[in-house]
Amino acid sequence: MSTASHLPLLNDLASQVSEVLTDEISLLAASTDRSGSVADGLPLAVVKAHSVDDVRTAMRIASTHRVPVIPRGTGTGLAGGAVAGTGHLVVDLSAMDRILELDPVDEIAVVEAGLLTADLDAAAAKVGLRYAPDPASAAICSIGGNVATNAGGLRCVKYGVTREAVLGLDVVLADGSLIHTGRRTMKGVAGLDLTALFVGSEGTLGIVVGATLRLKARPVTTLTASAAYASTAAAARACAEIAAARRLPSMLEFIDRRCLEAIDRFAGTTYASRGDALVIAQADGPAAETEIEAIAAVLGKEATWIEQGVDEESSERLVQTRRQVLPAIEAEGSFFIEDICVPRSRLAEAVDRISEISERHGVRTYTLAHAGDGNLHPVIGWDPSPGDIPGVMPPVETAASDEIFALAIDLGGTTTGEHGVGRLKRKWLESEIGTDSIDLQHRIKAALDPLGILNPGSGF
């Protein structure tokens, strides 16, 4: 449809919500995300929501005009789940970034969806608490996006993913109505668990505008050990042995040589000189010293180099290496980050087979992993050529990517551990969960969004 045909919609929005953006820069920004995926055209407008009422009004207007809506936070998604194209209306929640309540006794926070994850953790730290989920992009991603994708992170091996931290949600439905799910108590089983339904639903069932979140006591002590290995297989074995030894790290990360080389080029470090893979482990709490010593003993069996962080500063320096991986890869060209998860017992096999797939296809693959829970991120990189379609992998890289997704399913795993299905992984969903499950999910969506206007083309 032409822009003129949407003038009634745009006029309604301009007169009833706080801020509507139609400039080209804003529309271009909303047409892509950190995955590099680019929509086939520009959205109609971006509603910059400053309140729950803005979101409700925007949804009522969109429902009346039957216009598809793409909910969006800070745009850091890695699956194309918040990419808006032709004919879409964007509801941007990034300006709704307040902490409404932080209760140090009940250990909860009530926040708006646009709040940055790291900002919540910093506020909680002032009263001796922490927001435990710790995505690597915590400094730039928002709570609403974390909830939408059920985001994981570096500390999930001990503290769980976003779902474990969400007690309740405020959700605007497709018709503009507002519902409150869950509770603010540690226990509660009244009614169906609608909170769990919305967590990970990728904006397809409703727009999360607020969350009641569980906080945890901030550990007094956090210690880190980092070890390098002559081969990725040895590093993967060490990670599996930590679980077999019944150790409980709060973080267990795996980084391969290609990642280390990228970090060295990006940050001027020399990690790649120490081995073909690096493992970073962390332990926290009252028993941190004993735990990290036991973990270091396991890591040291086959290590070519090992270092322990003896205090908070040195521990953070080691962890910063992991946080630098994606920025370092981004600096090297186009890339697609996969997000598979396999049983921990098959981590070493997954690493070996990813390497074999990459070598056979002759593609550049960087592999990192949240090794403590089997969540691997093979990142396929390529050098863009003139005429390439932005955000679209060349055929050879696509073939390798497809084999890696198939590998995850073959090993009893999943094609997405924490980034979501978005628009980039939909073709693999049926292979993993089956048609009956997909049909059921469509029926649930139809009950909540009968016009099908919420984030069409994303998720299931």
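User: Which residues does L252 touch, not counting residues up to four places away in sequence?
Analyst: In this predicted model, L252 touches L154, V157, C239, I242, V279, I280, A281, A369, H370, A371 and G372. Contact here means heavy atoms within 4.5 Å.

User: What are the ground rules for the numbering and for confidence?
Analyst: Residues are numbered from 1 along each chain as its sequence is written, and side-chain values use heavy atoms, with hydrogens and water left out. Because the model is predicted, local features need pLDDT of at least 70 and side-chain atom pairs count only at pLDDT 80 or more, while totals for chains, interfaces and linings use all residues.

User: Back to the core. Which members of the largest nonpolar core touch the most other members?
Analyst: That core has 42 residues, and Y229, L252, F254, V279, L299, I340 and L376 touch the most other members. At least two residues of this core come from each of β12 (222-229), α8, β13, β14 (277-284), α10 (288-299), α13, β19 and α14. A nonpolar core is a set of buried Ala, Val, Leu, Ile, Met, Phe, Trp, Tyr and Cys residues joined through side-chain atoms within 4.5 Å. Buried means under 20% relative accessible area, exposed over 50%, and partly exposed in between, with a 1.4 Å probe and protein chains only. Helices (H or I, at least four residues) and strands (E, at least two) are DSSP runs, numbered from the N terminus.

User: Which residues does the second core include?
Analyst: The second core is separate and has 26 residues, including L44, V91, L93 and V209.

User: Now α13. Which of its residues are buried?
Analyst: The buried residues of α13 are L347, A350, V351, I354, I357 and S358. They lie on the same side of α13, because they cover an arc of only 130° around the axis; the arc is that of the directions from the helix axis to the C-beta atoms.

User: What covers them?
Analyst: The cover of the buried residues of α13 includes α8 (232-244), β13 (251-256), β17 (340-341), β18 (364-370), β19 (375-382) and α14 (395-410).

User: How far apart are the end C-alpha atoms of α13?
Analyst: They are 21 Å apart, which agrees with the 21 Å that the 15 residues of α13 (residues 347-361) should span at 1.5 Å a residue. The expected span is 1.5 Å times one less than the number of residues. Just after α13, G362 takes a positive phi of about 70°.

User: Which residue forms a salt bridge with R360?
Analyst: R360 forms a salt bridge with E356, with the closest N and O atoms 2.7 Å apart. Both residues lie in α13, four residues apart, about one turn of the helix. R360 is partly exposed at 46% relative accessibility, and E356 is partly exposed at 38%. A salt bridge is a side-chain nitrogen of Lys or Arg within 4 Å of a carboxyl oxygen of Asp or Glu.

User: How many salt bridges does a search of the whole structure find?
Analyst: The search finds 25 salt bridges. One of them joins R34 to E330, with the closest N and O atoms 3.0 Å apart. This pair links distant parts of the chain, 296 residues apart: R34 is in the loop between α2 (24-30) and β2 (45-48), and E330 is in helix α12 (residues 325-330). R34 is buried, with a relative accessible area of 18%, whereas E330 is partly exposed at 30%.

User: Where do R265 and E332 lie?
Analyst: R265 lies in helix α9 (residues 257-267) and E332 in the loop between α12 and β16 (334-337), so the pair ties together parts that are 67 residues apart in sequence. Their side chains meet in a salt bridge of 2.6 Å, N to O. R265 is exposed, with a relative accessible area of 54%.

User: On to backbone angles. Is E202 buried or exposed, given its positive phi?
Analyst: E202 counts as buried at 10% relative accessibility, and its phi is near 55°. E202 lies in the loop between α7 (194-198) and β10 (207-214). R66 also has a positive phi, near 55°, but R66 is exposed, with a relative accessible area of 60%. Most residues other than glycine have a negative phi.
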